[in-house]
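Student: I've got a model open and I'd like to learn how to read its confidence and its strands. Can you walk me through it?

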Amino acid sequence: MMVSSVVMLLLVTVLYNQANSAGIPTPPTKMSTSSSQVQNGNPIKRDATNNLDHKIQSLIESIVRMENSIQNLQEKSHTWSIFQHHIESWNDGLRTVENKLDILKRSHDDQQDVLNKLDLSLITAQENAALMDEIRDILQKDQSLQVESSSKVNMIWRHLQTMQNNGGGKQKGGSSSSSSSTPSNKKKGNLMVSESSSSSCNGTGKLLHTIIHQMAQQKDLKQLHSVDKRIGKNLETLTQSLPHVLDKQDEMVMRLQRSNECCYSLSSELTTFTESSDILLKRIERLINNVSEKLNRIEQLQSSSSEELEEDNTKENAEEESHVGDMSGIFVDVSEAMDHSNESSMESVEMESMDEQEEETVTAVNSFDSNESQTELYGQDVEFIRPELGGCHELNIDYDETDDDASTRLDGIYKFASPEINELERDFNERLCVFPTENSTGGLPWTVIQQRVPSLLQESFNRSWLEYRNGFGHLHKDFWFGNEFIHRLVYPEDYELRIELEDFEGKQVWAEYGIFRIDTEKYNYNLLIGDYRSTSTVADAMKYHNDHDFSTYDKRNDNTVDACCSCAVGYGSGWWFDNCSEANLNGIYHFTPMGHNYNGVMWELWHGDYSLKKTRMMVRPRSNNNESIDSPQNHESKGNDDP
């Protein structure tokens, strides 16, 4: 590129020398003719040289511009290596995420195997418990039989003792009667004793047989009793181990649930990351193609201009001996060449400006119109995934004040932690974050909870209690974050509020409050607002709404009891109405500010009956460096001084 510019400079100098040589008069031998030619030729020469000098000067300036633009392009070509480095880092991030997913899948499979083993052990334990119940029934029956047999044995022993006692008495009676009886009677007595003894022996044999049989049964019962003890011990160990097994099963189920949630969040992060990376890659490819096309166009224009200059040079050499008036054709050709070069330089300047605009759109921090610039830049809702953080106020942790890279402070839609979806499928951890600008009070980033901006399809804020509770709208356009979400966000800690307003003439004002809190739905999301900052640029209109409940068209909580209709119905919005309002940022949106009878996006203490163009309500935790405790006198003086 530099060689071509040098060649063009050489061609211009040659043309300039030829023009000067062509305008020199004849030698002074013929004084009369030469003097007339000089008198007649000097004005033509003077005009021609002046025009040629002017055009050559403009051509040199255009060439210098082209060289500057080429140098800028060469400098910007180094940025593509940075883009390639970012793409490689994104690829590395994708690989690490894929590896983590593989690890999670493996752990999930291992946990599933452990759960299957636990299920099998529980089934076997249940079977063993059934068997133990059967064994206990059998042992109870055996114990009852043992009791019966022992009672029978006791009865037999008693019967034997009675029989022995009766046999001894009969023997004594026989001995006393034998002394007085005859020998015949003695014989009869001996016969009866022998019969009774024989019968008693037979009975005792049977009893002994039954006793031996029962003793064998007792041995079997003792063995069964020992088996019962062993089974009882096993049952006790099983019952002691079952709670531990159930606890382990609960722990495994909890781990599985956590792994599933982690997999879900990782999958959502992967999808959003791939979508954003695809968008950026397509945009980079488009920029590369545009730059390459423009470079080719510049080279073609430079080659065509050099060819035209060479043709003009040949024509001038051929017509060098003709009259000086024929130089006009050369001037026309030179002017055309300069026009081409000017066009190429203009195109290079336009390309440079376009590149600068594209870089500004990628790296610039969004201002009050950040939502519109994002939609124009990306064509869709751009989201930043930050699962390790808990909210917009924690984005300031990663920011280094010495770092000039504005990409670390980009306003936009951020996703924090894990999704928490309500009944209207809105995520509590998906928020619109705005970094403080030079005109603001500085400090931590803000979380936007309400926004009104002009758009083709304007969002209606005349919504039901359910919709205001759960939130509605799009975070990059008009939206209400949701009363329940706002309560969860600001109730646990001390939060401050910033309200930004803009009229249709482009004037922007703001108001800040050091105290902002919303109560639960049980208390109708009652508003607590105070500590109006004296540095605010608009009068305090929210003081009128302090300590009032939220109202919608289907739930009336205002103080207009005697009126025909509620404030929410009359003004077509949900708000903390009293009787009715001095500020209503959720009012009906109008594209013209005047003549709406206080029925619009209102802040009466600024413009009166005037519907505003843009509004935004933002909150963040109250930090020590932003606290400014104002006295009531400052509040009153501020409210009285402003219109």
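Tutor: Let's take confidence, then strand pairing. This is a predicted model, where local features need pLDDT of at least 70, side-chain atom pairs count only at pLDDT 80 or more, and totals for chains, interfaces and linings use all residues. Residues are numbered from 1 along each chain as its sequence is written, and side-chain values use heavy atoms, with hydrogens and water left out.

Student: What is the mean pLDDT of the protein chain?

Tutor: pLDDT is the predictor's confidence in each residue, from 0 to 100. Here the mean is 74, and 66% of the residues reach 70 or more. Over residues 170–197 the pLDDT is below 50, and that stretch has two contacts (heavy atoms within 4.5 Å) beyond near neighbours in sequence. Residues 356–380 are also below 50, with 43 such contacts in the model.

Student: Is strand 4 buried or exposed?

Tutor: Strands are DSSP runs of E, at least two residues, numbered from the N terminus. Buried means under 20% relative accessible area, with a 1.4 Å probe and protein chains only. In strand 4, residues 446–452, seven of seven residues are buried.

Student: Which strands pair with strand 4?

Tutor: Two strands pair if DSSP finds at least two bridges between them. Strand 3 (residues 430–434) pairs antiparallel with strand 4 over two bridges, with C433 partnering T447. Strand 12 (residues 614–621) pairs with strand 4 in the antiparallel sense over five bridges, and T447 stands opposite V619 there.

How values were computed:
Buried means under 20% relative accessible area, exposed over 50%, partly exposed in between (1.4 Å probe, protein chains only). Helices (H or I, at least four residues) and strands (E, at least two) are DSSP runs, numbered from the N terminus.
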